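This briefing goes through a predicted model topic by topic.

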Amino acid sequence: MQIWKRLLLSLVILLPALALADVAVWSETTERLDLAGQVDYWQEPDARASVQEVIALDDSQWQADGGESISFGYGDQVYWFRFQLSNPLAEPQSPLLEIAYPVLDHIEVYVLSDDRMVQSLMLGDEKPFSERPVLHRNFLIPLTLPPEGLQTVYLRVDTTSSMQVPLILWDQAAFFGSAQSRNLFEGIYYGIVLVMILYNLFVYRAVGERSFLFYVGYIAAMPLFLASLHGVSFQYLWPDATWWNDRAIIVFLNLAVFFGGAFTLRFLTVRREIHPILNRVVVALMAMAGALAAAGVFVPYAQMVLPTIVVAGLGCSAMLVIGVVRWLKNDPAARYYAIAWFFMLFGGIVLALSKFTLLPRNFLTENATQVGSAIGVILLSVALADRLNQEKRRAFEAQQKLLAEERKARIAQAKSLHVQQEANTMLEKRVQQRTHDLESLNIKLMELSATDSLTGLKNRGHFDRVFKSTVVKAFRFGQPLSLLILDIDHFKKFNDTYGHLVGDDCLQMVAGCIGEFVTRPQDFAARYGGEEFVVLLPDTPNEGAMRVAEKIRRKIEETGFRVSEEILHLTVSIGICTVTPSRADATKEIFTRADEALYEAKGAGRNRVVSSASSANASSSSVLSPP
């Protein structure tokens, strides 16, 4: 008994530890190790906690992150993170720990080995860039893992930006190889932007059109915003200006909205007399963006980030709407403009959703804005070039008007050609009308060929085609499919007694009762042959099929059928098969099961519903008889 008590006590003690993250194991073949699944976190209370207090915390106070990335969105909370690194090798290892989000304000790093502090660092974008242990736009921490040893790493993160802490453990050679690819991607993007800036500046100097100047302001502000967000500007442009680095994101994003609005008003001719509402909206957004850009120099980042995101989102949306409106107004340049802003807005939305933790933080979400803005910059440059071509075209047309007097002799010929063109147009319209009439007639013929002329339901041939396609769809999407087979009880005897004309009226009555309960667009009813009918109910479980079948059975039973002076009541037997097809060509098996259920209903006394429901691992049969 004492042994069992000890085991139970040990289990109770270990339960909190079981909920914690696993140990990250570094092997000799490891090149990259994402640590999100091995990280525990603890939210620091209002009072500042020392590292000794955090180390002494009970395991039950830590929570495992368990996600694909560590992200808590915007807020004023401070978080501690903890993870363990194991080196099972006989030699020490020297990996790099990357914190791949360069706008975190304060990061404290503490490394423990055998309960002894072996390393501590203070990082963050509010410290000069030169103080980093590795000069890289992301935070890199060189670690030394002792042979066959275990290290525990504690991180304290305090930031006014989005609380995103992507932790990656790298082999040094693998990291610098990956960094080359990332630098190539960044270089391509900033190279495209620089070329577009120079190109449009030269065009502005040549033609003096202010649209190009506003556009240069926009495509200069947008990459500076992205460079600030990704830490590139802090590394290469202002490595010691920590005060400015914290505010550059706000300032440049608002300037991008301001210059983008000015470019939109000028380029798309959104004047107050043409589009008064849109003009006022854009001017108001420009005023807010300009005010936020000015305030961003003085007001702390934490108070500016949410208003800036809202104004940027509204600004991009408004400019996209303007592009669509002008496109609908047949402005040729608006089509490029609308598509460009769609890409830029899409990239901005993806980035914003990742900062608010609505999308995971990964390579796609972090670079969506860069890709979208690069495409947008190129398309807007094409739009500006198209505008120049239009101006040249207008000048050419003006010159053509000067030659109008020389062309008077050709007016008569042009008129006759116009008459001929009108005749051709009328002929084409007649041909199109005849073609349309033939198509309508073909549709009607196809409908007639698929319809049973007596009952008005679809016929067997059409059912076979629909049945095959419905089974394929149910197999593809893993949806349940129900098939009902209905047979009029003693119909042969009824036909022999009252004649085939009365029998035809009986079939029409049954078809009408079926049609009352087969009402969904995807549901399908058909006359299969003689007195047999079929009903297909896609995406319908067995219980729903049983309810529909019972309603049909009761309706037919309760519907009186007048023959001369006599009121007759008919009954039907219904067999049901409900399956989630395991094959795309399972039509024969499904029909056979429904047919067997129908025979079971007839054998059990008729006027009843029998269901044969099956799944991938089991099958069952249920009978619903009249009360």
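Helix α12, which spans residues 460-477, packs against helix α16, residues 587-603, at an angle of about 110°, and the axes of the two helices lie 10 Å apart. Since angles from 65 to 115 degrees count as roughly perpendicular, α12 is roughly perpendicular to α16. The points below begin with the residues that make this contact and then turn to the other topics.

**Helix packing**

- On the side of α12 the residues that meet α16 are F463, F467, K468 and V471, and their counterparts in α16 are T587, I590 and F591.
- Sorted by class, the residues of the contact of α12 with α16 comprise five nonpolar, one polar and one charged.
- A further helix pair is formed by α13 (residues 491-498) and α14 (residues 500-517), whose axes come within 7 Å and cross at roughly 135°; this crossing makes α13 oblique to α14.
- From α13 the contact draws on F491, F494, N495 and Y498, while α14 contributes H500, V502, G503, C506 and L507.
- The contact of α13 with α14 has six nonpolar and three polar residues, and no charged residues take part.

**The four-stranded sheet**

- Four strands form an open sheet in the order β2-β11-β6-β9, and their pairing is antiparallel.
- Strands β2 (32-34) and β9 (139-142) stand at the edges with a single partner strand each, so that one side of each is left without a neighbour in the sheet.
- From one strand to the next, the twist of this sheet averages 20°.
- Within the sheet, β6 (residues 96-99) pairs with β9 in the antiparallel sense over four bridges, and E98 stands opposite L140 in β9.
- Helix α3, covering residues 172-207, packs on the sheet and touches β6, β9 and β11 (167-170), with its direction at about 35° to that of β6.

- Strands β7 (residues 106-113) and β8 (residues 116-123) run antiparallel and are joined by seven bridges.
- Across this pairing, Y110 stands opposite S120 in β8.
- The hairpin of β7 and β8 has two residues between the strands, and D114 takes a positive phi near 55° there.

**Cavities**

- A search of the whole structure finds three cavities of 30 Å³ or more, and the largest cavity has a volume of about 40 Å³.
- The lining of the largest cavity consists of F72, G73, Y74, G75, Q77, Y79 and M163.
- By class, the lining residues of the largest cavity divide into four nonpolar and three polar, with no charged residue among them.

Definitions and conventions:
Residues are numbered from 1 along each chain as its sequence is written. This is a predicted model: local features need pLDDT of at least 70, side-chain atom pairs count only at pLDDT 80 or more; totals for chains, interfaces and linings use all residues. Side-chain values use heavy atoms; hydrogens and water are left out. Axes are lines fitted to C-alpha atoms, for helices over the stretch in contact, and angles run from 0 to 180 degrees between N-to-C directions. Angles under 35 degrees count as roughly parallel, over 145 as roughly antiparallel, 65 to 115 as roughly perpendicular and the rest as oblique. Contact means heavy atoms within 4.5 Å. Ala, Val, Leu, Ile, Met, Phe, Trp, Tyr, Cys and Pro count as nonpolar, Asp, Glu, Lys and Arg as charged, and the others, Gly among them, as polar. On a 1 Å grid over the protein atoms alone, a cavity is a set of points where a 1.4 Å probe fits but cannot get out, and a pocket is an open set with protein on both sides within 12 Å along at least five of seven lines; lining residues have an atom within 4 Å of a point. Grid points are joined across faces, edges and corners, and a volume is the space filled by probe spheres set on the points. Two strands pair if DSSP finds at least two bridges between them.
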